[in-house]
Structure formats: C-alpha cells, structure tokens
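Student: I would like to go through this model step by step. Shall we start with the strands?

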Amino acid sequence: MGNTFDAPQPTPLALLLLGHQSDAGSEKGVDCPGDLPAASDPSLVQRARVAKAALGDRVFVLGHHYQRDEVIAFADVTGDSFKLAQQAAAHPEAEFIVFAGVHFMAESADILTAASQQVILPDLAAGCSMADMAGIAQVEDCWAALEAAGVADITVPITYMNSTAAIKAFTGRHGGAVCTSSNAERSLAWAFEQGEKVLFLPDQHLGRNTAVRDLGLALDDCVVYNPNRPNGGLTPQQLQDARMILWKGHCSVHGRFTPDCVDEVRERVPGVNVIVHPECAYEVVEKADAVGSTERIIATVNAAAPGTAWAIGTELNLVKRLAIANPDKEIVYLDRTVCYCSTMNRIDLPHLVWVLESLVAGTVVNRIDVDPDTAHWARIALDRMLALPGVVATTD
Ligand code: 13P
Ligand code: SF4
C-alpha cells in the first residue's frame with residue numbers, strides 16, 4: 001500500500017508564486033551572501049557529518065517538519081513550531097542553535113534562549129510569506145483604529161507564532177499572548193477571559209477556525225481587517241460589534257487546498273480520511289475529518305489502523321515522509337499539484353554545511369539576534385503562551 005503514494009509534480013508557476021511577497025522591510029533578510037559549497041559536491045553529506053561531529057554538544061540542530069529530507073537527517077530534534085520553541089529553551093548547554101526552519105522560528109528561539117547562546121538560520125532568505133503580511137506599522141495603525149472606535153481597552157491581541165518578533169512584542173505590550181497551531185484554542189479561550197474581543201494576527205484562517213469550530217463563536221462574530229484599506233475596510237460600528245477581529249493574512253501554501261480538493265479525493269479514494277492543517281480555509285477544514293498542527297497530523301496518521309487511507313493537507317515534505325513511515329496505510333496528497341513551502345525549502349545541504357563548517361572554523365554566520373527591548377516584550381507574550389494550563393509539548 002505504501003508504494004501507492006504519488007508525489008505531485010512541481011510546476012514552475014507554483015514555485016514562482018510562493019514566497020513572492022518579500023521586501024527589505026519584511027520579517028526576513030532577503031539576501032544570504034554565503035560562500036556556499038556547490039550543490040553538486042558529492043561529499044556534502046560527509047562534510048556535514050564531520051562538521052557536526054567536530055562541534056559535538058556545542059551545537060543543537062532543530063528541524064521543522066517541512067524541511068527537506070537531506071536537512072532533517074541532521075536534526076537533533078524535529079517538531080512543529082511550538083515543540084521546537086520549547087526544545088530551543090530546553091538546551092542551555094548548546095552554544096549554537098542551528099534552526100532549520102524559517103526566520104520567525106529562529107527569532108523565537110533567540111528570544112527563549114540564554115544571551116550566551118547564538119541562534120543561526122542557515123539561509124537568511126528563509127522567511128514566511130504569511131508573517132510578511134503583517135508589518136508592525138500596519139499593526140500600530142490597526143490598534144489606532146481600535147482606539148478610535150473605543151474598543152482597544154477591551155481587545156486582547158493574540159499573534160500566531162508565524163509573525164515577526166516586533167509583532168510578538170506589540171502583543172506582549174498590549175496584554176496579549178502568542179499561540180501556535182497546537183494551542184490556539186487554549187490561547188484564544190485565555191484571551192476571552194482577559195477581554196471581550198480578540199485581535200488575531202496574522203492568519204485569518206487559524207483565527208476563524210479556532211473561534212468558530214473550537215470556541216463556538218458565529219461566523220458573523222468575525223470581521224476581517226484589511227491593512228491595505230483605510231481603517232482596515234471596517235466601520236467603527238463593525239469593530240464595536242465584532243468579537244474576533246481577524247487580520248487579513250494567510251499561508252500561500254495551505255491556500256492551495258480547496259473544498260474541491262476534498263470532494264475530488266473522496267471520489268478518487270473511497271473511505272479516505274481527510275486531515276488538514278488549521279491554516280487551511282474554514283470551508284476546507286469543515287469538509288475534513290480532522291484538523292491539527294504538523295505534530296498532530298503526524299501523531300494521528302502514525303496511530304491510525306493499518307489499511308486505512310489518509311489524504312493530507314499540509315506541506316509536501318512532511319507528507320512524503322509520512323507515506324514512507326506508514327507503508328501499511330494509503331497516504332495521498334490533498335492537492336494534485338506540488339505544495340512545497342518555498343521558503344522552508346531554501347534551507348538545503350549546502351547552507352547547512354556552510355554554517356556548520358563556519359562554526360568549526362570559529363565564525364558564526366547568519367546569526368539571528370533580536371534587539372533587547374523587542375526580545376523583552378516578545379518574551380512576555382511567548383511566556384504567557386508557555387504558561388497556559390494544558391499546553392504541553394508532544395514528543396517524537
Ligand atoms: P506548525 O505550528 O504546525 O509547525 O506550523 C507552522 C507552519 O508554518 C505551518 O505552515
Ligand atoms: Fe509560512 Fe506557510 Fe511556509 Fe508555514 S507553510 S512557513 S505559514 S509560508
């Protein structure tokens with residue numbers, strides 16, 4: 001059964017569109033001027049092994065589930081964004097944390113680790129197009145609109161982990177918290193204990209899915225704030241009536257999954273279970289059988305009975321590994337075409353070898369260093385999330 005997995009074929013168009021919204025003011029660096037080894041060098045695996053062994057316990061490599069196989073092979077731990085944030089904080093012995101993930105994850109790791117530890121992102125251009133959809137100046141403007149409507153003091157900001165450190169700091173300053181896809185329900189419930197409304201940044205889909213499906217709010221309780229329109233495109237009355245103010249942001253990767261994809265796979269694979277990430281649109285999640293963070297998706301499929309069939313709506317690297325790890329199940333991809341996260345995929349073996357060999361030579365490259373004031377307030381927002389009851393990490 002396991003060999004039925006048919007990886008979708010990449011199209012140049014899909015790769016061009018993903019990661020398109022980068023600019024110098026975004027959450028990520030846009031250039032990575034490293035002196036990289038050639039991607040064709042046949043000794044790359046051996047070079048990475050030798051450099052990592054030479055560094056020993058001085059280095060700890062974190063690998064997000066969306067990373068390439070060639071990178072995951074060198075991860076000391078793999079996980080979703082929540083687990084990796086916890087793991088970064090749990091390894092004070094490591095002088096260097098190499099974060100095989102994207103920029104906002106490395107920033108969070110820097111905020112959660114000791115000042116003596118250095119966090120490294122192997123390719124500075126590995127950002128997140130969703131995080132780029134909320135700039136700090138835009139968020140300040142939004143807050144001013146809430147103040148003008150007289151609702152700022154009863155609104156609690158919650159930001160998804162997929163946001164800049166500056167926005168996490170904004171959230172901390174205004175009494176709010178961070179959430180990830182594995183604890184959004186708990187985080188949102190907490191926010192509604194602190195205030196009457198929530199400003200949810202920057203993923204409208206995670207915010208809507210959690211508010212409506214988990215907390216029982218109505219779709220009409222939610223409004224979408226569009227940062228590209230005056231006053232977010234909302235009247236003061238709409239801001240006053242809403243309980244959830246959703247930032248108009250989304251993930252370009254998960255945006256490829258549509259309700260039609262679900263209908264189509266159910267016809268193609270009778271009895272299939274559909275499981276999707278909560279960054280998918282509400283209409284997609286409503287049609288699915290299960291929803292969860294990357295860690296939850298992996299645990300659910302691994303625990304499923306042999307012979308069952310699963311259509312998975314999240315990034316392709318993860319799905320391909322799940323198919324290999326579960327040869328007794330039929331694993332299919334929810335979209336017919338490719339759905340890699342182009343920025344996650346920027347981290348490859350040449351970048352990993354470059355950062356590890358540089359460390360062996362005594363040079364720290366691509367350090368992610370959040371300024372102390374931003375780090376202080378972002379840490380407050382992150383700690384509020386980590387302190388929520390019932391928010392626990394899952395394990396490999
Ligand atoms: P997880 O929190 O499930 O790891 O998701 C992070 C992410 O960027 C998904 O697109
Ligand atoms: Fe960002 Fe989407 Fe990539 Fe996750 S999958 S890092 S949300 S662009």
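Student: Which residue is the bridge partner of glycine 63 in strand 2?

Tutor: This is a predicted model, in which local features need pLDDT of at least 70, side-chain atom pairs count only at pLDDT 80 or more, and totals for chains, interfaces and linings use all residues. Residues are numbered from 1 along each chain as its sequence is written, and chains are lettered from A and ligands numbered from 1 in the order in which they are written. Strands are DSSP runs of E, at least two residues, and helices are runs of H or I, at least four, numbered from the N terminus. Strand 1 and strand 2 (residues 77-79) run parallel, joined by 3 bridges (strands pair if DSSP finds at least two bridges between them), and there the partner of glycine 63 is threonine 78.

Student: In strand 3, what is the bridge partner of valine 61?

Tutor: Strand 3 covers residues 96-100 and runs parallel to strand 1. The two are joined by 5 bridges. The partner of valine 61 is valine 98.

Student: How many residues of strand 1 are buried?

Tutor: Buried means 20 or more other C-beta atoms within 10 Å of a residue's own, exposed means 12 or fewer, and partly exposed lies in between, with C-beta atoms placed from the backbone. Val59, Val61 and Gly63 point one way, Phe60, Leu62 and His64 the other, and all are buried. For strand 1 (residues 59-64), the count is 6 of 6.

Student: What does helix 2 pack against with its buried residues?

Tutor: Ala48, Ala51 and Lys52 are buried in helix 2. They cover an arc of only 95° around the axis, so they lie on the same side of helix 2 (the arc is that of the directions from the helix axis to the C-beta atoms). Gln46 and Ala53, on the other side, are exposed. With contact meaning C-beta atoms within 7 Å, the buried residues pack against strand 1 and helix 15.

Student: Is asparagine 366 buried or exposed?

Tutor: Asparagine 366 sits in the loop between helix 15 (349-360) and strand 14 (367-368). Its phi is near 55°, a positive value in a residue other than glycine. Because 22 other C-beta atoms lie within 10 Å, asparagine 366 is buried.

Student: And asparagine 231, with 17 C-beta neighbours inside 10 Å: how does it count?

Tutor: Asparagine 231 is in the loop between strand 8 (222-225) and helix 10 (236-241). Its phi is also positive, near 55°. Because it has 17 C-beta neighbours inside 10 Å, asparagine 231 counts as partly exposed.

Key: Two residues are in contact if their C-beta atoms, placed from the backbone, lie within 7 Å.
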